[in-house]
Amino acid sequence: MKQMNIGAVDLNLLKTFIVIWELRSLTAAADRLHLTQPAVSHALRRLREMFDDPLFVRSTSAMVPTETAIRLHEPIARALGIIHEALHTHASFDPATATRTFHLVMSDMSCSHVLPLLMEELAHAAPHVSIEVQQMAMENLGAAMRNGDIDLAFGYLPGLPEDCQSQLVLNDDYVCMLRKTHPQASEPLTMESLLQLRYVYANTNTTGHQLAEDVLRNAGVKRDFALRMPHFTVAPQIVRDTDLALFLPRSIAERHNVDEACVLLDLPLEMPRIPVSIYTHTRFSADSGIQWLRSLLIEMFGREAENA
């Protein structure tokens, strides 16, 4: 490796290195960093010049790290985490005046439940704070939280490493949502009636949803899907307007049924309880902003449970 001028090192380049490492894609890295792909490609060229190594080599399916990149990854990630921790640990956080942007990870299902409540809270308590939400594969989430790219995650995330601390906020279960005028709405569900319904299927890779799907599949429940979608957002509205059925977590179903236009029916087989938690990284336990947001969410769910 050629002699390096440490004073000329751009920390943004090192962050780009970490994001490319995590995602193995320049396009995905550009999305994560809110940059154009040419900008990320330019940053990679500068990194290659800096370290005198290709660092990442394009294969048929991903950007594969070189041996040099593998050696560099851990110390760079650790250094960036220490810098992030130092900056936020020693910065005071006053929610009334703070202009900080918090980076959260949650599924679209969770977004439909959490964000309306959270944004209402922030409008009063922290009017200049911003929230940026994204979805992220479990295998990348732990590193992103450790590096400070993600401040908080929400959901059922049993695959996170031990240095991600969690606080349980609810134990959820799955129900079947039907509109009130549906022919089945006034009767308890049976295994037979489950097979007679037609369904909306909202594809999601959330762990709790996959757990519920596994139970249904193992019980031999083969549903007739009238509609398959790549997201959850409009599924409850479709159920309200049609005779289609939808399986979803009870807490989210109740949030979408405040006007009681639908009925929520228990399923006729034993479904797993889904422990839903708030996750933060122990490295940032002294970050007053993250701890404030975490406490706000815990308090918010506590009030919701009391009012249920």
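**Cavity, sheets and cores of the predicted model**

Strand E8 (198–202), helix H8 (207–218) and strand E10 (246–249) each contribute at least two residues to the lining of the largest cavity. E8 is the main contributor to this lining, with three residues. The complete lining consists of Met109, Val200, Tyr201, Ala202, His209, Glu213, Arg223, Leu246 and Phe247. The volume of the largest cavity is about 50 Å³, and a search of the whole structure returns one cavity of 30 Å³ or more. The model is predicted.

The chain contains 11 helices and 12 strands. Its C-alpha atoms occupy a box of roughly 75 × 50 × 30 Å along the principal axes. Of the 308 residues in the chain, 48% are buried. Among contacts with a separation of 6 or more, 76% are between residues 24 or more positions apart.

E10, which contributes to the cavity lining, also belongs to an open sheet of three strands in the order E10-E7-E11, with antiparallel pairing. E10 and strand E11 (262–266) are the edges of this sheet; each has a single partner strand, so one side of each lacks a neighbour in the sheet. Neighbouring strands here are turned against each other by 40° on average, direction ignored. Strand E7 (residues 174–179) and E10 run antiparallel and are joined by four bridges. Phe247 in E10 is the bridge partner of Cys176, and Phe247 is also one of the residues lining the largest cavity.

A further open sheet is formed by five strands in the order E4-E3-E5-E12-E6, with mixed pairing. Its edges are strand E4 (130–134) and strand E6 (164–172), each of which pairs on one side only. Strand E3 (residues 101–105) pairs with E4 in the parallel sense over five bridges, and Phe102 is placed opposite Ile131 in E4. Helix H5 (residues 108–125) lies across E3, E4, strand E5 (152–155) and E6, and runs at about 170° to E4.

Val105 is located in strand E3. With a relative accessible area of 7%, Val105 falls under the 20% limit and is therefore buried. Neighbours within four places in sequence aside, the contacts of Val105 are Gln134, Met136, Leu141, Ile150, Leu152, Ala153 and Phe154. One of these contacts, Leu141, is 36 residues from Val105 in sequence, with a C-alpha to C-alpha distance of 8.3 Å.

The largest nonpolar core comprises 62 residues, of which Leu118, Leu267 and Leu293 touch the most other members. Helix H11 (residues 288–307) provides the most to this core, with seven residues. A second, separate core has 25 residues, including Ile20, Leu44, Ala77 and Leu80. Beyond its neighbours within four places in sequence, Leu267 is in contact with Tyr174, Val175, Cys176, Leu189, Leu194 and Phe247.

Methods:
Residues numbered from 1 in each chain as written. Predicted model: local features only at pLDDT ≥ 70, side-chain atom pairs only at ≥ 80, totals over all residues. Heavy atoms only, no water. Core = buried A, V, L, I, M, F, W, Y, C linked by side-chain atoms within 4.5 Å. Buried < 20%, exposed > 50% of the residue type's maximum accessible area, 1.4 Å probe, protein only. Contact = heavy atoms within 4.5 Å. Pairing = 2+ DSSP bridges. Axes fitted to C-alpha atoms, helices over the stretch in contact; angles between N-to-C directions. 1 Å grid on protein atoms, 1.4 Å probe; cavity = no way out; pocket = protein on both sides within 12 Å on 5 of 7 lines; lining within 4 Å. Points joined across faces, edges and corners; volume = space filled by probe spheres on them.
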